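Here is a short report on a predicted model. Have the sequence and the 3D view open as you read.

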Amino acid sequence: MMNIYEISEKIAQRPPFQMIERVTELTPNESAVGIKNVSVNEPYFTGHFPGTPIMPGVLIVESCAQLCSLVIEKPAEDLEKNLYVLLKIDGFKFVKPVIPGDQLEISVKKTKEGGVLVGFDCIVKVNGNIHAKGALTFTSIPKESLGK
Amino acid sequence: MDQEEVKSKLKAFFMSDLGVDGDVLQYDTELFGEEIGLDSVDSLEIISFVDSNFNVSMTGVGKEHFQSINTIAAYIEAHKA
């Protein structure tokens, strides 16, 4: 269980790009369940779409990715040198629209780890119904290689 | 696990995980050439698969070892514990 203060100690993203607000279950390097509350006040609803707010699918993917990043625990010296980034998005489906007032219950489970890759299956539910699902793969890149 | 099993497992992985057409993919087909067209992200997937299934690290290995299923299988054979 982690609240927003504890989450902020672990991830670098900040509002309006912080997409996990609570973690209700966490097994390091295995799985997690997290919550994102979707408010009508979120800035992207101004344009997506005027009068008919729907949460963009890419931001649902980002919510899943941020929860995955909380699952990946590495030694401090690894995280000092390397950045874990999203490498691949596979088979994502947006089964039902997400609208303001929905609470996303996101479950992620590690499916593979080898070489420099870590893969997860992700399921996003609202009121127990699946709204989105898919798989994400992350890799680590040396921070010193960024921008070169 | 003998070489044929390794190759068959690699081929199954290329088809199921990387979406390669099994009819086109032979053991000597060039993986990163025009026909199959794998890219650098796929090479990380191959490294990950070889690491977790054969316990052989191919991180930082020269690209000549990634040419075909045959060359990957040969590398696994030469470096397995």
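How many residues lie between β1(A) and β2(A) in their hairpin? The answer is 3 residues. In that turn, A:N29 has a positive phi of about 60°.

One pairing to look up is A:T27, whose bridge partner in β2(A) is A:S31.

Now turn to the helices of chain B. Helix α1 spans residues 3-16, and helix α3 spans residues 69-79. Two packed helices are described by the angle between their axes and the distance between the axes. Here the axes come within 10 Å and cross at roughly 125°. α1(B) and α3(B) are therefore oblique to each other. Their crossing is right-handed.

| Helix | Residues in the contact |
|---|---|
| α1(B) | B:Q3, B:V6, B:K7, B:L10, B:K11 |
| α3(B) | B:I69, B:I72, B:A73, B:I76, B:E77 |

By class, this contact of α1(B) with α3(B) has 6 nonpolar, 3 charged and 1 polar residues.

Last comes the contact of the two chains. Chain A gives 9 residues to the contact, and chain B gives 9 residues. On the side of chain B that touches chain A, 4 residues are nonpolar, 3 are polar and 2 are charged.

Definitions and conventions:
Residues numbered from 1 in each chain as written. Chains lettered and ligands numbered in written order. Predicted model: local features only at pLDDT ≥ 70, side-chain atom pairs only at ≥ 80, totals over all residues. Contact = placed C-beta atoms within 7 Å. Nonpolar A, V, L, I, M, F, W, Y, C, P; charged D, E, K, R; others polar. Pairing = 2+ DSSP bridges. Helix = DSSP H or I, 4+ residues; strand = E, 2+ residues; numbered from the N terminus. Axes fitted to C-alpha atoms, helices over the stretch in contact; angles between N-to-C directions. Parallel < 35°, antiparallel > 145°, perpendicular 65-115°, else oblique. Left-handed = near helix turned anticlockwise from the far one by under 90°.
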